[in-house]
Amino acid sequence: MEELEVLIGLNMISELKPLVLKRLWESLSKPQDIFNISEDELIKRAGINRELAFKISSFDLKKIDEEIKLIKKYNLKILTFQDDKYPFLLKQIADPPPVLYIKGELKEEDKLSIAIVGSRQASFYGLQCSQKFSSDLAELGFTIVSGLARGIDTWAHKGALIAGGRTIAVLGSGFSFIYPKENKDLVDEIASNGAVISEFSCNTQPLTFNFPRR
């Protein structure tokens with residue numbers, strides 16, 4: 001099994017947080033051995049509880065093959081924290097996501113970026129401002145980053161696209177569950193002139209606690 005496949009599998013265990021995953025990964029000379037290690041050894045190496053150790057040791061490896069099929073189906077690229085092309089600024093935070101699913105392209109110019117996010121129930125004036133700010137900043141060369149949510153986020157993405165600029169959407173779900181559903185077409189538009197990114201495996205649903213994490 002390749003290291004990439006191992007990381008994809010570990011990332012599918014939602015209870016395994018990024019810092020713990022990284023600590024476990026770095027404790028092994030051959031990370032491919034992770035799924036063959038006993039529960040006691042996992043507890044010792046990563047300082048995790050037995051419940052999580054059991055979920056790792058009993059993980060069904062067939063799920064990795066299923067996930068790879070979905071990655072190909074949605075035409076996604078995978079970046080891991082070991083890749084040179086992993087976003088530099090994201091790597092500086094305390095717990096960078098170990099795996100990124102990407103539809104579209106990340107480019108060097110995206111280092112000049114600004115996030116525009118806001119209410120899902122904004123006033124029409126607020127929506128207009130979001131679009132105008134995004135459009136003006138995109139014309140100046142900024143990549144607009146937002147969360148694809150209804151309201152301010154959606155209008156921010158559209159403002160950048162109207163200006164012919166780049167925009168990046170960060171999902172709070174996997175690619176099998178684009179949320180909100182009405183933005184599925186917008187995902188394709190963004191991917192054609194920017195990128196749509198998720199740290200979640202493809203079948204992760206848009207659960208409430210995923211959005212603050214993203």
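T80 is buried, with a relative accessible area of 4%. In this predicted model, T80 sits in strand β1, which covers residues 77-80. Setting aside neighbours within four places in sequence, T80 is in contact with L4, L7, Y86, P98 and V99.

- Strand β1 belongs to an open sheet of 6 strands, arranged in the order β1-β2-β6-β5-β4-β3, with mixed pairing.
- Which strands form the edges? They are β1 and β3 (113-115), and each of them pairs on one side only.
- From one strand to the next, the twist averages 25°.
- Strands β1 and β2 run antiparallel and are joined by 4 bridges.
- To find this pairing in the structure, look for K77, which stands opposite I102 in β2.

**Strand β6 and its two partners**

- Are the faces of β6 covered or uncovered? Both are covered: G194, V196 and S198 are buried on one side, and A195 and I197 are buried on the other.
- On one hand, β6 is joined to β2 (residues 99-104) by 4 bridges, and these two strands run antiparallel.
- Within that pairing, Y101 has S198 of β6 as its bridge partner.
- On the other hand, β6 pairs with β5 (residues 167-170) in the parallel sense, again over 4 bridges.
- Here I168 has A195 of β6 as its bridge partner.
- Between β5 and β6 the chain passes through helix α9 (residues 184-192), and this β-α-β crossover is right-handed.

**Helix α9**

- Helix α9 packs on the sheet, where it touches β2, β5 and β6.
- The direction of α9 makes about 120° with that of β6.
- Which residues of α9 are buried? Among them are L186, V187, I190 and A191.
- Viewed down the axis of α9, the buried residues fall within an arc of 140°, so they line one face of the helix.
- The face of α9 turned away from the buried side carries the exposed residues D185 and S192.
- The cover over the buried residues of α9 includes β2, α8, β5 and β6.

**Backbone features in the loops**

- As a reminder, most residues other than glycine have a negative phi, and most peptide bonds are trans.
- Where is the cis peptide bond? It joins Y179 and P180, with omega at about -5°.
- P180 lies in the loop between β5 and α9.
- N75, a residue other than glycine, has a positive phi, near 55°.
- N75 is found in the loop between α5 (62-73) and β1, and N75 is exposed, with a relative accessible area of 56%.
- L148 is not a glycine either, yet its phi is positive, at about 65°.
- The place of L148 is the loop between β4 and α8 (152-162), and L148 counts as buried at 0% relative accessibility.

**A leucine in another loop**

- L140 lies in the loop between α7 (124-139) and β4 (143-146).
- Is L140 buried or exposed? L140 has a relative accessible area of 63%, and because exposed means over 50%, L140 counts as exposed.
- L140 and A163 are 23 residues apart in sequence, while their C-alpha atoms are 9.8 Å apart in space.

**Cysteines**

- How many disulfides does the structure hold? The number is 0.
- C129 has a relative accessible area of 18%, and because buried means under 20%, C129 counts as buried.
- C202 is buried, with a relative accessible area of 0%.

How values were computed:
Residues numbered from 1 in each chain as written. Predicted model: local features only at pLDDT ≥ 70, side-chain atom pairs only at ≥ 80, totals over all residues. Heavy atoms only, no water. Buried < 20%, exposed > 50% of the residue type's maximum accessible area, 1.4 Å probe, protein only. Pairing = 2+ DSSP bridges. Right-handed = clockwise from strand over helix to strand, strands pointing away. Disulfide = S-S within 2.5 Å. Contact = heavy atoms within 4.5 Å. Axes fitted to C-alpha atoms, helices over the stretch in contact; angles between N-to-C directions. Arc of directions from axis to C-beta.
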